[in-house]
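Subject: Handover of a structure and the findings from it

Dear colleague,

Please find below the structure that I am handing over to you.

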Amino acid sequence: MDSQSSAELGSTRVILVRHGQSTFNAQGRYQGRSDESVLTAKGYQSAYQTGVALQRIPIDAIYTSPLQRALETTQEIIKGIDPQNKSLLKFNINSNLTEIDLPAWQGKTFEYVRHSFAAEYKCWQQRPHEFQMNSPNENSGYHHHVATALKQSFPVLNLYEQAQQFWQILPRHLGQTILVVSHGGTNRALISSALNLSPAQYHTIQQSNCGISILNFPANSQSAQLRGLNLTSHLGEVLPKLKAGKQGLRLLLLPIDAIASNQVQHLAEFLKQVSIDFSLTSELCISQEITAHLLQNHPTTVQLQVSRHNFPLIWQQTIDSRRSSMSANTLVTGLVIASSAVIKCILGQILGLNPHDFWRLQLNSGDLSVVHYPLGNSVPISQAINLFDV
């Protein structure tokens, strides 16, 4: 993640960071717009590490949510970048970066919500764009009956409108790099609105604590390209932690259009740390050769080869068969090696991009992306894109 190239001059680069681990995160509680939650010791450490990772990036402005956990993260990131940089200390607090509003759930544990709000929770997970929740109506007051002071709101739809309002700042930062410190839900809405993704895809994007995502906005546009998603290697994580249960199918996607031999060796060393159950590659000799190098430390991995023309069909059959045959406590990991066009198609379908918008995904050849297919009917989750781009 170096300085912007000449091809990107005039564009605005946005670095999105979710706040560090908070007390409610550690306790497994919904936060919403509650401001009771503050950073844990781990949260402070991760925020500082994020600042160190961003040291070589010239940051022109910082925007942050007004909630404590985001403000604390911002201040700690600045310490990691350069505590003497007075311009960074003048960061902007923006209310459009506040987290999704979940008044009936905030402070309650995930488990309690799953059982006590079963129907609402199912809608939240499967149809987030239709999810509704009672919220206080500021205009009605509590004069006669509590019911008169409540109104039905659509938290996810409202959050997407809020995200679109935030992007109105872009004309102020042409040709600049800005850092945005916000929340998991808000960052997903910011990324989705910038990529023209439907609110129905709200849960397909993972945002880990202090995970970094990168968007490039061409000049005079509120429509972006995604350069990196949920990068966490700077926190010492090999792969992003699984948030939808430690089971199901996890796939490592590797585009190899122009991969150098030193990249292959680096990847082979990296993959030593990862258990790989199977690989799926095209029948091209170069793919087979690269696969052999990458899996040199994985003698038991089942290697599958397919022709390029039937890759999408075999791909879907592999996903379906692996998911259906897995037990409840199993995580199966596969390595998929293909062209950038194929990998873009896979990621684009998961994110819900229209095919003519696949160009919005800026994939680095030789850089891994990670997706997770949880067991059951849960939607697939894009855990990371361009994993090493920090």
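A residue is called buried when its relative accessible area is under 20%, exposed when that area is over 50%, and partly exposed in between. By this criterion, 53% of the 390 residues of the protein count as buried. Please note that this is a predicted model.

Overall composition

The protein contains 12 helices and 14 strands. Its exposed surface comes to about 17,000 Å², of which carbon and sulfur atoms supply 49%. Considering contacts between residues at least 6 apart in sequence, 73% join residues at least 24 apart.

The six-stranded sheet

An open sheet is formed by six strands, whose order is E3-E2-E6-E1-E7-E8, with mixed pairing. Its edges are strand E3 (92-93) and strand E8 (225-231), each of which pairs on one side only.

Two residues deserve a description here. Glu 237 is located in the loop between E8 and strand E9 (248-255). Although Glu 237 is buried, it has no salt bridge. The nearest side chain of opposite charge belongs to Lys 241, at 4.2 Å; a salt bridge requires a side-chain nitrogen of Lys or Arg within 4 Å of a carboxyl oxygen of Asp or Glu.

Asn 386 belongs to the segment after strand E14 (381-384). Asn 386 counts as buried because its relative accessibility is 0%. A polar atom of the Asn 386 side chain lies 2.7 Å from the backbone oxygen of Arg 227. Not counting residues up to four places away in sequence, Asn 386 touches Arg 227 and Leu 231, as well as Gln 362, Leu 363, Asn 364, Asp 367, Leu 368 and Ser 369.

The surroundings of Trp 167

Trp 167 is situated in the loop between helix H7 (155-166) and E6. With a relative accessible area of 1%, Trp 167 is therefore buried. Leaving aside neighbours within four places in sequence, its contacts are Val 14, Leu 190, Ser 193, Ala 194, Leu 215, Phe 217 and Gln 222. The C-alpha atoms of Trp 167 and Ser 221 are 9.6 Å apart in space, while the two residues are 54 apart in sequence.

Two positive phi angles in one loop

Asn 196 is not a glycine, yet it has a positive phi of about 65 degrees. Cys 210 is also found in the loop between H8 and E7. Phi of Cys 210 is near 65 degrees, again a positive value in a residue other than glycine.

Are these residues buried or exposed? Asn 196 is exposed, because its relative accessible area is 51%. Cys 210, by contrast, counts as buried, because its relative accessibility is 0%.

Yours sincerely

Definitions and conventions: Residues are numbered from 1 along each chain as its sequence is written. This is a predicted model: local features need pLDDT of at least 70, side-chain atom pairs count only at pLDDT 80 or more; totals for chains, interfaces and linings use all residues. Side-chain values use heavy atoms; hydrogens and water are left out. Helices (H or I, at least four residues) and strands (E, at least two) are DSSP runs, numbered from the N terminus. Buried means under 20% relative accessible area, exposed over 50%, partly exposed in between (1.4 Å probe, protein chains only). Contact means heavy atoms within 4.5 Å. Accessible areas come from the Shrake-Rupley method with a 1.4 Å probe; for residues, only the protein chains shown count as cover. Two strands pair if DSSP finds at least two bridges between them. Lys and Arg count as positive and Asp and Glu as negative; His and the chain ends are not counted. A polar contact is a pair of N or O atoms within 3.5 Å; within protein, one must be able to donate a hydrogen and the other to accept it, and residues adjacent in sequence count only if both atoms are side-chain atoms.
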